[in-house]
Amino acid sequence: MLEETRHYYASETETLVRQLQDTKLEHWFRDPTPDTIVTDGEGFPPVQVIARELRSKTFKYLRLKRDSSTEVTKDASLRVLIAAANGNGFVNDAAKNLKYKPFYDDGDIPTGQNLTHHLRKSSRESVLRMFREANEELFDIAARHDYFPDSAEVAIDITDWPFYGDNESNEFIRGTKPGRNYSWAWKYITLALVGTDTPLILVVLPVKDKSKTPEYIRRMLRLARQHLSIGRVYLDAGTEFYNSDTISTITEQGLELVMQGRKSGKTVKHFLNGMARADLRSSYYPYGVGSLDEDSYYAVGLKSDKTVKLRQSDADEPMDDYTYFYTNLHSEEIPPEELGEAYRRRWGIETDFRVIKEEFLAKCGSRNPALRAFYFNFAAHLFNIWTVANILRAEETGEALSEGKQLTAGELMQAIEDDPRDLRLPTEPPETKQIFGDIADAEWASSDAD
């Protein structure tokens, strides 16, 4: 049979099978196995099989607040959001475009308005809980394949999702750093596994008040420790992190801290400029930010050869050629050069969040914080699916993840969008796992209520 003819019959067969399902004529056919129904007759590609397996494990925990009378399946509804992210567009356009897929009829997919209507019914806290349950399945797979280190390194960041509208329309819309092409954004604080071949976003929380950063961090660490043993935390130089309250929160947990410091204050400037005048490549100096005990923390200066090389003119100040780190580690525990090299592992998460925003996050113009939280958590969850899919594919091929990813983000998203098989997920999961208990949620609800 010619390839074109085979393609036609395979497509028509799949359409017929779908039309007969759940009708009185369904006994006319025997359900074919998932690995044999494809338009090219070659069997489903590995990425599609793996993605389907992972979606079937995790999507069942995502609640759309619908009842059994809803005709459109949950898998088809979530596919709209996936198609929107894959096309870097809005759900309204994605829903219209999905109608051109040969395995969908007009009544098989919801409109974009219908999808967002159901998503808005959830509270922010219920959104966070459902994605914790969904991610739990992925973390279990990573653990079973021994991808969690004995002493993990994690990075805590606050990432922006740009907002172009009335900044007074919602209290979750905050100002951003100067120099960007947008002034306002929704903000999310995240805790991610770094320094491994399998980065995972362990926790995502919406930021309402940056002054509550220590509370956010305590909660994230408590949740993340359900899955792995944390040894070190990396922070950037944001004002919400570089203060005594946030820094002491990390230390009180018995964790190592490495963060990029802010070159402000006479003591820090004197230390770094002194290093430059003495032409020192690196140095430690006991220093307490704010009310912190200077005997327990250290300012670390490290000459940046890259900065010196790229600079086109003389430095405004001698210290401009130095990178400043802040840590609770003594130089006998980690030399300055090694500390600087270790901190670079945090930079990978910045690349990962660019991937999340470009490959996994659909556009959204809504001011509803619960809807926004669902979109962003869904994007982070797809990123985690991508990571775990690479774990499983590497196991199949016998190749090491350190040699490169087996599947690209684009391949994964396209495979999910083009999968002709509906997962027939339950409208709501049969039971709630309550994997983290009610105490943390109660504390969170009281400290950051709507």
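Predicted model: local features only at pLDDT ≥ 70, side-chain atom pairs only at ≥ 80, totals over all residues.
Residues are numbered from 1 along each chain as its sequence is written. Local features need pLDDT of at least 70 and side-chain atom pairs pLDDT 80 or more, while totals for chains, interfaces and linings use all residues, and side-chain values use heavy atoms, without hydrogens or water.

**View 1. Helix H3 spans residues 74-86.** Helices are DSSP runs of H or I with at least four residues, numbered from the N terminus. H3 has 13 residues and reaches 18 Å from its first C-alpha to its last. That is close to the 18 Å expected at 1.5 Å a residue (1.5 Å times one less than the number of residues). Asn88 follows H3, with a positive phi near 50°.

**View 2. H3 is largely enclosed by the rest of the structure, because 12 of its 13 residues are buried.** Buried means under 20% relative accessible area, exposed over 50%, and partly exposed in between (1.4 Å probe, protein chains only). Among the buried residues are Leu78, Val80, Leu81 and Ile82. Their cover includes H2 (46-58), H11 (336-360) and H12 (369-397). Contact here means heavy atoms within 4.5 Å.

**View 3. Helix H4 buries Val91, Ala94, Ala95 and Leu98.** Seen down the axis of H4, these residues fall within an arc of 100°, so they line one face of the helix. The arc is taken from the directions from the helix axis to the C-beta atoms. The buried residues pack against H3, H5, H12 and H13.

**View 4. Asn114 lies in helix H5.** Asn114 counts as partly exposed, at 33% relative accessibility. Its C-alpha is 9.4 Å from that of Asn92, 22 residues apart along the chain.

Technical notes. Helix = DSSP H or I, 4+ residues; strand = E, 2+ residues; numbered from the N terminus.
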